[in-house]
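Please work through the following exercises with the sequence and the model at hand. Each task is followed by a solution in steps.

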Amino acid sequence: MTSSAVQDQNNTKLEQLIAVLKNKRSIWVLTGAGISAPSGIPTYRNDKGEWKSANPIQHNDFIQHESYRQRYWARSMVGWKLTGKAKPNATHDALTKLQLHERISQIVTQNVDGLHRTAGSKGVIDLHGRLAEIRCLSCKEIFSRKSYQSRLIKINTELDQFHFKILPDGDANVEDFEMSKINIPPCNNCGGILMPNVVFFGGVVPKQRVEKAYETLANSDCLLVIGSSLNVFSGFRFPRWASQNGIPIYAVNQGDMRGQELIDIVVTEPCEEVLPKIVDEII
Ligand SMILES: [Zn+2]
């Protein structure tokens, strides 16, 4: 196909999507890493759904091994300096606007950056938790990541001056640093092990989040996937369920998607460009 033919096809898809969404009163939205990329948070996978870099940390490794926790906090301490300051972009803002016009039944995100909230969206289900919080594995107390950052920096001054490259989920490449030198501050309450309040790979999404998501999906007109390849099952289960229950599925996503055959219309243009257009047309 020539590039103008591809462009015509894209425009047609976009027009089709706008046309169907005009009639939808309760749109259930699922967002993934693709929507946060324009905010400077890199994605884990390329357009083909392949890993871009080394696999992220696994839940059991973090729980069981001090050395994994040292590596995690080293990267997180450096990475947080950027991700902690990331700002919402046009996609987050467009969704907040759509929600204000009472056209969204629920926003569910696979992202842990909290940018939907920062953009003013309400009642967001953070499927995989939020990096802005940490929790104690022993006493379960929740603390702010921001205050933990000061504790980390205070006792890891050498790492603080180390050069870095930013990676997904507040991670950074600090491989050349001697990881055994990393000091990890314990829980202020009980001295227990602290972990970010997020679901790592191999971890379990809390049941009530999943139940609430299904409950709202059951009462929605359609499911709209934005910026997710649906490669991770915790997100993919919702389109699969929607498809089994006759709820139409639409997507704005660049690159290959898992379960593409279940999706009625896919717009393959950058979400930060098309979402504001879509929202302005349908409200
Ligand atoms: Zn504790």
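The model is predicted: local features need pLDDT of at least 70, side-chain atom pairs count only at pLDDT 80 or more, and totals for chains, interfaces and linings use all residues. Residues are numbered from 1 along each chain as its sequence is written, and side-chain values use heavy atoms, leaving out hydrogens and water.

**Exercise 1.** Determine the strand order of the open sheet and its edge strands.

*Solution.* Step 1: strands (E, at least two residues) and helices (H or I, at least four) are DSSP runs, numbered from the N terminus. Two strands pair if DSSP finds at least two bridges between them. Step 2: the six strands follow the order 3-2-1-9-10-11, with parallel pairing. Step 3: strand 3 (125-126) and strand 11 (265-267) are the edges, as each pairs on one side only. Step 4: five bridges join strand 1 (residues 27-31) to strand 9 (residues 222-226) in the parallel sense, and Leu30 stands opposite Val225 in strand 9.

**Exercise 2.** Describe the place of helix 9 and its buried residues.

*Solution.* Step 1: contact means heavy atoms within 4.5 Å. Helix 9 (residues 233-244) packs on the sheet, where it touches strand 1, strand 9 and strand 10 (249-252). Step 2: buried means under 20% relative accessible area, exposed over 50%, and partly exposed in between (1.4 Å probe, protein chains only). The buried residues of helix 9 are Ser234, Gly235, Phe236, Arg237, Phe238, Pro239 and Ala242. Step 3: their cover includes strand 1, helix 8, strand 9 and strand 10. Step 4: just after helix 9, Gly246 takes a positive phi of about 70°.

**Exercise 3.** Is Thr216 buried or exposed, and which side chain does a polar contact of 2.9 Å join to that of Thr216?

*Solution.* Step 1: Thr216 belongs to helix 8 (residues 207-218). Step 2: Thr216 is buried because its relative accessible area is 16%. Step 3: a polar contact is a pair of N or O atoms within 3.5 Å; within protein, one must be able to donate a hydrogen and the other to accept it, and residues adjacent in sequence count only if both atoms are side-chain atoms. The partner side chain is that of Trp28.

**Exercise 4.** Which residues have the most contacts inside the largest nonpolar core?

*Solution.* Step 1: a nonpolar core is a set of buried Ala, Val, Leu, Ile, Met, Phe, Trp, Tyr and Cys residues joined through side-chain atoms within 4.5 Å. Step 2: the largest has 26 residues, and Leu17, Leu21, Ile27, Ile226, Val252, Leu275 and Ile278 have the most contacts inside it. Step 3: helix 10 gives the most to this core, with six residues.

Technical notes:
Axes fitted to C-alpha atoms, helices over the stretch in contact; angles between N-to-C directions.
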